[in-house]
Every structure is written in structure tokens, then in C-alpha cells.
Amino acid sequence: MIDYNSIIDSFYKEGENPELRNILLKHSRYVADLALKVCQCHRELDADEDFVYGAAMLHDIGIIKCDAPGIYCFGKEPYLCHGVLGAEMLRSYSPSLEPYARVCARHTGTGLTVETIIERGLPLPHQDLVPETLEEQIICYADKFFSKTHLDEQKTYEQALASLVRFGEHGLQVFSRWHEMFGV
């Protein structure tokens with residue numbers, strides 16, 4: 001398995017912003033645990049469990065570069081950009097982390113199409129940022145059940161679905177389909 005702790009440590013220095021580090025680690029662990037549970041409950045999917053866990057632990061690494069003071073993020077970029085920023089961070093750490101970088105870039109909502117990015121004028125690259133692989137989809141699905149503001153609460157399916165309304169009808173349909181495939 002990838003040494004995700006060393007990667008996190010290289011960007012989240014011990015003692016520099018302990019509140020943010022705690023939020024990242026707790027949230028990521030909850031997402032990773034649920035994603036792993038999906039893999040274990042749905043062995044028929046034959047998902048790569050080691051990759052799923054490690055990628056889930058790294059999926060939000062980019063929040064450190066964003067402006068979201070409510071969760072101790074004091075960077076300059078819009079929070080919406082945390083996925084693509086995290087992808088850049090992982091690529092700069094090592095080109096071998098490309099599959100993990102793709103998870104970072106593609107986990108917002110149920111993914112964002114280039115059409116949506118352009119139509120809404122989002123500050124993101126004009127490219128599809130939609131989970132493609134089974135593992136990317138599992139992590140994206142699991143992520144919707146946990147927020148960074150209410151760390152110790154897992155959302156119900158209905159609450160997770162409601163949180164996706166702002167992403168449009170397509171996102172709701174994708175999440176519903178994932179719930180049929182991945183529900184535990």
C-alpha cells in the first residue's frame with residue numbers, strides 16, 4: 001500500500017496548522033473506511049482495496065491551498081479548486097501518483113463535465129473532471145457521506161443526496177445509481 005502518511009506529512013507539517021491537519025485526517029479516514037467497506041461488501045466489483053484506501057486518504061489533500069476559514073483553510077484559492085490543486089500537489093510529489101491525482105481532481109460532487117464548468121463559469125480547467133474508474137467512483141460516493149464541518153456525523157443517503165442538489169439533476173441521478181451499486 002502507498003505510504004499516504006508520508007505524503008500528507010510533506011504538505012501538512014506537524015504543528016503548522018494542527019486544526020486543519022486533524023480535519024483532513026479525520027474526514028479522509030471516514031471516507032476511506034466507508035470506501036473500503038463498499039469494496040468488502042461488494043466483492044463482485046473486484047475493486048483494488050489498497051488503492052481505494054490510499055486514494056481516499058489523499059483525495060482532499062488540496063484543501064490546504066484554499067480559502068475556507070471555517071475549516072482552518074487559509075490559502076488563496078476558491079474551495080471548489082481543492083481537487084485540482086490536490087492533483088497538482090500529488091503530481092509534483094511524484095509522477096507515479098497520477099492515479100491518486102485523478103481521484104483528487106474528479107471527486108467534486110459526482111464529477112463535473114467540461115460543459116458544466118464552462119456554463120457555470122467555474123474556476124476550473126476546461127476538461128471533464130468526472131470519476132471514470134470503479135475505484136474513483138467508490139471514493140467519490142463515500143465522500144458524499146461526510147462533511148468537514150460536522151466531522152463525526154455520517155450523513156444518511158437522503159442527506160447526502162440533498163447535498164448534491166446544487167450540482168443539478170444529473171448529479172442526483174449519478175449518485176442514486178452509485179447508491180444502488182455501492183450501498184452497504
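# Briefing: core, cavity and pocket of a predicted model

The largest cavity holds about 30 Å³ of space. This is a predicted model, in which local features need pLDDT of at least 70 and side-chain atom pairs count only at pLDDT 80 or more, while totals for chains, interfaces and linings use all residues. Residues are numbered from 1 along each chain as its sequence is written, and side-chain values use heavy atoms, with hydrogens and water left out.

**Cavity and pocket**

- A cavity is a set of points, on a 1 Å grid over the protein atoms alone, where a 1.4 Å probe fits but cannot get out. A pocket is an open set with protein on both sides within 12 Å along at least five of seven lines, and lining residues have an atom within 4 Å of a point.
- Grid points are joined across faces, edges and corners, and a volume is the space filled by probe spheres set on the points.
- The count comes to 1 cavity of 30 Å³ or more.
- The largest cavity is lined by L80, G83, V84, A105, T108, L112, L124 and L129.
- This lining divides into 6 nonpolar, 2 polar and no charged residues. Here Ala, Val, Leu, Ile, Met, Phe, Trp, Tyr, Cys and Pro count as nonpolar, Asp, Glu, Lys and Arg as charged, and the others, Gly among them, as polar.
- The largest pocket holds about 470 Å³ of space.
- Of the 20 residues that line the largest pocket, Y79, D143, K148, K155 and R166 lie nearest its centre.
- The lining of the largest pocket has 6 nonpolar, 8 polar and 6 charged residues.

**The nonpolar core**

- A nonpolar core is a set of buried Ala, Val, Leu, Ile, Met, Phe, Trp, Tyr and Cys residues joined through side-chain atoms within 4.5 Å. Buried means under 20% relative accessible area, exposed over 50%, and partly exposed in between (1.4 Å probe, protein chains only).
- The largest nonpolar core has 62 residues, and those with the most contacts inside it are I8, L58, I61, L90, Y100, L124 and I138.
- The elements that give two or more residues to this core are α1, α2, α3, α4, α5, α7 and α9 (169–182). Helices (H or I, at least four residues) and strands (E, at least two) are DSSP runs, numbered from the N terminus.
- Helix α2 gives the most to this core, with 10 residues.
- Leaving out residues up to four places away in sequence, L58 touches I2, Y4, I7, I8, L90, Y100 and C104. Contact means heavy atoms within 4.5 Å.

**Helices and what covers them**

- In helix α1 (residues 4–11), the buried residues are Y4, I7 and I8. Seen down the axis of α1, these residues fall within an arc of 95°, so they line one face of the helix. The arc is that of the directions from the helix axis to the C-beta atoms.
- The cover over the buried residues of α1 includes α2 (18–41), α3 (49–58) and α4 (82–93).
- In helix α5 (residues 98–106), Y100, A101, V103, C104, A105 and R106 are buried. Their cover includes α3, α4 and α7 (134–143).
- Helix α7 is largely enclosed by the rest of the structure, because 9 of its 10 residues are buried. The buried residues of α7 pack against α2, α3, α5 and α9.

**Single residues**

- V103 is in helix α5 and is buried, with a relative accessible area of 3%. Apart from neighbours within four places in sequence, V103 is in contact with F51, A55, H59, E136 and I139.
- V103 and V84 are 19 residues apart in sequence and 9.4 Å apart in space, C-alpha to C-alpha.
- F167 lies in the loop between α8 (157–162) and α9, and counts as buried at 17% relative accessibility. Not counting residues up to four places away in sequence, F167 touches T108, G109, L112 and R120.

**Positive phi angles**

- Most residues other than glycine have a negative phi.
- D46, in the loop between α2 and α3, is not a glycine but has a positive phi of about 55°. D46 is exposed, with a relative accessible area of 66%.
- Y72, in the loop between β1 (67–68) and β2 (73–74), is not a glycine but has a positive phi of about 65°. Y72 is partly exposed, with a relative accessible area of 37%.
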